[in-house]
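Thank you all for coming. I would like to take a few minutes on two interfaces, and please have the model open while I talk.

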Amino acid sequence: MSAKMIEIRWHGRGGQGAKTAALLFAETVMATGMYIQAFPEYGPERMGAPVQSFNRISEDPIVIHSGIKNPNYVVILDSSLMESVPITDGIDKTGKVIVNTSLSTSEIAERLDIDTSQIYVVNASKIALETIGKDIPNTPMLGALLKVIGTLDINGVLKDINFKLMAKFRHKPGIVEGNLASIKMAFDKVKN
Amino acid sequence: MRKEEDKKLTAAELPIGGIVEAGTAVNFHTGTWRSQRPVWNRDKCISCLICWISCPDGSIKIVSDEKRTSFVDGIDYDNCKGCGICAKECPTRISAITMEQEKK
Amino acid sequence: MIKTVYSKGNLVAKTGNEIIAEALRQIEPDVMAAYPITPATEIVQIFSQFVADGIVKSEYVAVESEHSAISATIAASAAGARAITSTSSQGLCLMWEMLYIASGLRLPIILAEVNRAISAPININADHSDTMGARDSGWIQIYSENSQEAYDNMIQIIRIAEEAKLPALVAMDGFITSHCMEVVEIYPDADVKAFVGEYKPERYLLDVRRPYTLGSIDLQDYYFEHRYQLAQAMRDARDIVLDVAEEFKKTFGREYSFYEKYMLDDAEVAIVIIGSTAGNVKAVVKELREKGIKAGLLKIRVYRPFPTEQIAKDLAHVKAIAVMDRSDSCSGAFPPVYSDVVASLYSSGILNPKILSYVYGIGGREFCGEQIVNVYETLGKVASGLEKPSNRIEYINIRIE
C-alpha cells in the first residue's frame, strides 16, 4: 500500500446510506483532483442489517482491487453497531474512528477499548434532524470525515456536492441547502 | 459418387454462417423421387386453388390474367414428389387431379 | 493529480456498470434485449432508462428470460440490426445453446458480461466460471481489469465483432469492477460514434432484394466446412483485434493489445492472470522489483481468440510461470487458462519455462498482498532449482484440511 493512499471503511445499517456516502465522498474528492475508489461490501443488501462500504483516495492511480483490511479511517453511522460489529478491526495506532453519537470521546474509547486520541465524535443524527429534517447521518458524517482527514479542500468538496445535489434535486432546493448545512455543521462540530 | 464429391464447395468457397440463397429448391429436382404422378384435367378444374395452397413443394403451376385472377396451369413434374396431397384435397365432386403409377 | 489521456476526454467517477451503460448510450445500438441479473442488473436498468427517457433511439426488448434475451438479439442481428445484450452467471448459462447459434450464424452480437460464480451453492460474487464455460462457443472474449478498460473494450469490440462477423463479449469482474466507483475517462459522444461507425451488414434477412435462408440443416457433407470457417474466423480475428486497437490508440491515445506486459520483458518469474486481480499483482510486482526481484506480469485481455504464438514468444524467457485461473475445470486435468498457456508454449517448441497451475478467487475469495508474494516466492524457488514445480493444481486461500 502506497504511503500516500488513504483507506476508509464506513459502517452503517442497510438503508442508512453507507454506500451512498462512500460514493458521494469519492465523487467529490475526485473533483479536488485525486484518484478515488468507492465500493460496497459485496453481497445481498437487507434493510437494517450491518453493512460496510469503502473508499480509497490517492494522488496516484489506484490499481488495487481488493477489500480494505487496514483502514486509516473508520466512520460509524450508527453507534448501536459498536455492540455487534467488530468496527475497530484492522486499525492500527494511527487509525481514527469517527462515530455518530451523543456520547463523549472518552466514553466511546472505553467501549471500543482503544486510545481516546483515536476517537472523534459528532452527533450527526441530531445535525441531520436540525438541517435536513430527517435522521440521515451520512451527509453530516461526510463533513466530519473531511475535517478529521484534514488534507482535503472542504470548499472544493462543498462546491461539488452543491453541483451534484442541484442536478439531482432540481425541484427541491431545500434539500440541497439542508445537506450542505449539515456537512458544514458536522465539519465544525466534530471533536476529539 | 466421386464426381459428386468433386462438385462440393470448400470452406473457402462456401458462404459463411450457413447462408443458403433463396429459391434454390427449384434447382433441386425432386421429381425423380416420384412413384405416383398427379394427372391434372384442365376441363374439370375450377381453379379453386386448394391444390396450390396444399402442395408442400410449390409444384402446382398457376397463371394470372389481366384482372390478376389466378388459374391452375398444370403441374411442375421437375419438383413434384408425388405425395398425392393435391389429389386428396381436390374437391370430391370436381376430382380434377388423379394419381397414376409413374412409368419409368 | 488526475488527468486525461485524450485531449477531448472528460474525467468522471463511475462504477463499472455505470460506465458500460454510458458506452452503450454512446454506441446507441439498434436493439437491446436483456433480462437483468446481479451483478449486471444496473447495466440493463440504466440503459432501459435511457431508452425510456428518449436519450437513445434504441429499441429495448423486455424479455422473460436470458434465453429469450439472446434469442431476440440473434433475431434482431439476423434482421440487420446492431444488437446488444447483457448478462452474468446463471443468465449466461441459460443462454448456452443460443451462444453457439449466434456464432454459427456468424452474427456480430455484443454481450456486456459481468463475471460471477455459478450455482450451486448460490454465490453472487466474482469468478470466471461463467465465461470460461463458454470459452469454446465461438464468441470473442475480452476481459477488463478496471472500469476504464471495460469502457474502452466496449467501444473497440463493436468494430472487432462486426469485422470478424463473430459474436463478442466484454467481461468485467462482478462487484469488484461492476460496483466499484473509479475515475474513468469518457470520450465525447460524437467521437465514440465516429469510431464505432454505422453497422452495414453484408447480408441481412430484411433485405427483400436479396432474400436468403438462414439456419437451414447442414449435414455430413457441409457442416464440417462451416464449423471450420468459424474456427478460422476466430483465428483471423487476431489481426482484427490488433488493427482496431491500433486505431483506438491513434484516436483516443490508450494502448491495447492481446495482453498487457507489466515488467515482463526481463522477468525471471511471472504471473499470468485475467481481470481485476491483475492490479493487485502489479502492486506486488512493483514492491518486489524495488527489492531487486525480477518479477513480471502478463495480463490476458483477449482470451478468445487466444494469442498462442505471441504469448509463447513473450513468455519464452521466463524461468518459472504461475498461471492463475479464476475458474476450476472440475476435469481431473487442468483449468482453462493454464491449459491454453501450456499448449501455446509446447506447440511453439518452448519447453524451458516451468509452468505452475493455480486456482484462486472462486466465488469472490480474495487474492492479494502476501498471497501474491508467496506465489512469487515459490516461483523463485522453482526458477533457481531449489524446489520441484508442483505437477498438480495449487489452490490459493482455501481451507482444504
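Predicted model: local features only at pLDDT ≥ 70, side-chain atom pairs only at ≥ 80, totals over all residues.

How many Å separate the centres of domain 1 of chain C and domain 2 of chain C, taken over C-alpha atoms? The separation of those centres is 28 Å. Residues are numbered from 1 along each chain as its sequence is written, chains are lettered from A and ligands numbered from 1 in the order in which they are written, and side-chain values use heavy atoms, with hydrogens and water left out.

Chain C is assigned domain 1 (10–252) and domain 2 (259–395), the bounds coming from an automatic or database domain assignment. Where these domains meet, 27 residues of domain 1 of chain C are in contact with 27 residues of domain 2 of chain C, contact meaning heavy atoms within 4.5 Å. About 2100 Å² is buried between the two domains, with 55% of that area given by carbon and sulfur atoms; buried area here is the accessible area (1.4 Å probe) that two parts lose on being put together, summed over both.

Turning to charge, there are five salt bridges between domain 1 and domain 2 of chain C, a salt bridge being a side-chain nitrogen of Lys or Arg within 4 Å of a carboxyl oxygen of Asp or Glu. A salt bridge links the side chains of Glu149(C) and Lys299(C), at 2.5 Å from N to O. On the side of domain 1 of chain C that touches domain 2, the residues divide into eleven nonpolar, nine polar and seven charged, where Ala, Val, Leu, Ile, Met, Phe, Trp, Tyr, Cys and Pro count as nonpolar, Asp, Glu, Lys and Arg as charged, and the others, Gly among them, as polar.

Two salt bridges are counted between chain B and chain C, and the side chains of Lys8(B) and Asp221(C) form a salt bridge at 3.9 Å, N to O.
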